[in-house]
Amino acid sequence: EFSATGVQSCFHGRHISPQILADLDGKNWRLKDYESRGGYQALRKILGTDGQGGMTQDQVIAEVKAGGLRGRGGAGFPTGLKWSFMPRQFPGQKYLVCNSDEGEPGTCKDRDIMQFNPHSVIEGMAIAAFAMGISVGYNYIHGEIFATYLRFEEALEEARAAGMLGEKIMGSTFSFELHAAHGFGAYICGEETALLESLEGKKGQPRFKPPFPASFGLYGKPTTINNTETFAAVPWLIRNGGTAYLECGKPNNGGTKIYSVSGDVELPGNYEVPMGTPFSKLLELAGGVRKGRTLKAVIPGGSSSPVLPAAIMMDCTMDYDSIAKAGSMLGSGAVIVLDDSRCMVESLKRLSYFYMHESCGQCTPCREGTGWLWRVVERIHTGKGRSTDLDLLNSVADNIQGRTICALGDASAMPVRAMIKHFRHEFEAMISQNPAASGATSPATA
Ligand code: SF4
């Protein structure tokens with residue numbers, strides 16, 4: 001039995017039963033419970049307060065690299081490599097930020113980590129801060145999970161009172177202050193530079209890059225940003241070593257990953273399984289497809305990842321490389337299961353509406369293009385589609401993808417292309433029901 005995020009039994013490849021939830025909610029998240037599960041041993045290990053001599057900053061970063069830990073927020077960037085970008089000798093203030101602005105449709109893992117095991121995030125952040133020579137950190141928590149924000153604040157109080165945060169942690173020479181902040185629910189604030197803007201008290205809109213946060217981040221200072229699950233995995237990795245962590249998963253995809261399985265399954269929920277677990281096994285853990293139904297398609301990594309038909313998905317393993325090879329992305333690990341009762345035109349309509357609604361409006365291809373995508377899919381769905389609409393959708397997607405400041409533009413375009421690629425017949429069937437379908441359409445009239 002193993003859980004890299006330290007949530008122990010509740011996430012380890014099985015549904016979280018109401019009883020386990022009640023137990024965790026009632027008592028098991030506290031500092032003393034976390035310590036009874038080995039919590040804060042990794043911090044002691046690196047600081048040398050366990051009497052074993054401690055670790056250097058380079059050793060900690062090397063261990064994280066050896067573990068093959070990749071960012072769990074969506075991009076899958078190697079964590080140790082990101083940490084090595086921080087200019088450690090920078091003379092001024094440097095910042096560490098945890099991105100807990102979990103807003104990707106289908107994703108609910110970070111909320112549960114902070115709710116049921118908040119100290120794993122605090123310890124992971126303290127270890128990261130030590131490795132990069134950072135003295136101040138923030139955890140930016142999604143505004144729609146305010147109870148979780150309050151829980152995290154309570155955990156911070158416990159950690160401060162016990163000397164795990166603040167001046168000279170556990171009697172060492174290392175000091176680290178950590179604060180929680182909450183957003184107000186805007187999806188775009190999960191984009192790291194929009195998050196930084198919001199944290200500074202400004203409108204949450206993405207910044208042009210470069211410069212990247214490693215050189216110009218929070219308040220213009222060097223900043224490293226990682227996802228909640230990434231930080232939560234660090235204590236186990238350091239306690240047990242990078243090699244042990246890597247071996248839990250597969251080469252280039254170390255450790256375990258939490259998947260938020262939702263949609264047409266019998267037991268939706270969060271499941272932590274080793275990287276490289278077959279999708280079929282994950283589906284089985286989630287109780288399989290709803291009774292009497294068959295699997296039609298899967299959105300494997302949150303709404304931004306391209307949909308994959310059942311036949312392709314059943315051959316995949318759940319890791320960054322396998323899902324990428326199949327033509328999609330592991331993303332944040334939100335596995336949205338669609339059964340044979342689902343209309344793909346309607347599914348795409350809902351996705352397109354989301355991106356249109358959440359576009360920050362800063363750049364034209366995204367601000368205008370997401371609206372076009374939704375309007376065209378909506379008219380197909382309401383029986384007013386035209387024979388040129390699929391080409392039009394692909395053309396609009398072409399003119400968004402790769403032409404925007406942040407990845408939201410790409411995220412709105414990729415599902416459109418994938419839906420048309422794999423389920424074109426459903427769109428064509430719906431368009432053919434419109435007697436006036438043959439009318440030509442120009443983008444201007446879209
Ligand atoms: Fe804003 Fe969209 Fe441009 Fe991102 S791509 S900066 S969300 S308008």
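Predicted model: local features only at pLDDT ≥ 70, side-chain atom pairs only at ≥ 80, totals over all residues.
**Figure 1. A nonpolar patch on the surface, formed by Phe77, Leu81 and Phe85.** Together, these residues have about 270 Å² of accessible area. Phenylalanine 77 belongs to the loop that runs between helix 4 (57-66) and helix 5 (79-85).

**Figure 2. The shell of residues around the ligand.** The ligand is surrounded by 13 residues. The closest are Cys360, Gln362, Cys363, Cys366 and Cys406.

**Figure 3. Arginine 207 and its salt bridges with glutamate 197 and glutamate 200.** The structure contains 26 salt bridges. In one of them, the side chains of glutamate 197 and arginine 207 meet with an N to O distance of 2.7 Å. Glutamate 197 is located in helix 9 (residues 192-199), whereas arginine 207 is located in the loop between helix 9 and strand 4 (223-227); the two residues are 10 residues apart. Arginine 207 also forms a salt bridge with glutamate 200, and here the closest N and O atoms are 3.0 Å apart. Which class of accessibility applies to arginine 207? Arginine 207 counts as buried, because its relative accessibility is 14% and buried means under 20%. Glutamate 197 counts as buried at 15% relative accessibility, and glutamate 200 is buried with a relative accessible area of 17%.

**Figure 4. A salt bridge between arginine 290 and aspartate 264.** The side chains of this pair meet at 3.6 Å, N to O. Arginine 290 lies in the loop between helix 12 (279-285) and strand 8 (295-299), and aspartate 264 lies in the loop between strand 5 (256-263) and strand 6 (269-274); the pair therefore ties together parts that are 26 residues apart in sequence. Aspartate 264 is buried, with a relative accessible area of 3%, whereas arginine 290 counts as partly exposed at 31% relative accessibility.

**Figure 5. A network of salt bridges that joins Lys109, Asp110, Glu229 and Lys257.** The salt bridges in this view share partners, and in this way the residues are joined into one network.

**Figure 6. The aromatic cluster of Tyr95, Tyr138 and Tyr219.** A pair of aromatic rings is described by two values, the distance of the centres and the angle of the planes. The structure holds 12 aromatic pairs. One of them is formed by tyrosine 95 and tyrosine 138, with 6.2 Å centre to centre and 45 degrees between the planes, and this pair is tilted. Which parts of the chain does the pair tie together? Tyrosine 95 lies in strand 1 (residues 95-100) and tyrosine 138 in strand 2 (residues 136-141), so the pair connects parts that are 43 residues apart in sequence. Tyrosine 95 counts as buried at 11% relative accessibility, and tyrosine 138 is buried with a relative accessible area of 19%.

**Figure 7. An aromatic pair formed by phenylalanine 174 and phenylalanine 176.** The ring centres are 6.3 Å apart, with 10 degrees between the planes. The pair is stacked, because planes under 30 degrees apart count as stacked. Phenylalanine 174 counts as buried at 10% relative accessibility. Phenylalanine 176 is buried, with a relative accessible area of 0%.

Methods. Residues numbered from 1 in each chain as written. Heavy atoms only, no water. Patch = residues over 30% accessible without salt bridge, like charges linked within 9 Å, V, L, I, M, F, W, Y side chains within 5 Å. Areas by Shrake-Rupley, 256 points an atom, 1.4 Å probe, with all protein chains shown as cover. Salt bridge = Lys/Arg side-chain N within 4 Å of Asp/Glu carboxyl O. Helix = DSSP H or I, 4+ residues; strand = E, 2+ residues; numbered from the N terminus. Near = heavy atom within 4 Å. Buried < 20%, exposed > 50% of the residue type's maximum accessible area, 1.4 Å probe, protein only. Phe/Tyr/Trp six-rings, centres within 6.5 Å; stacked < 30°, edge-to-face > 60°.
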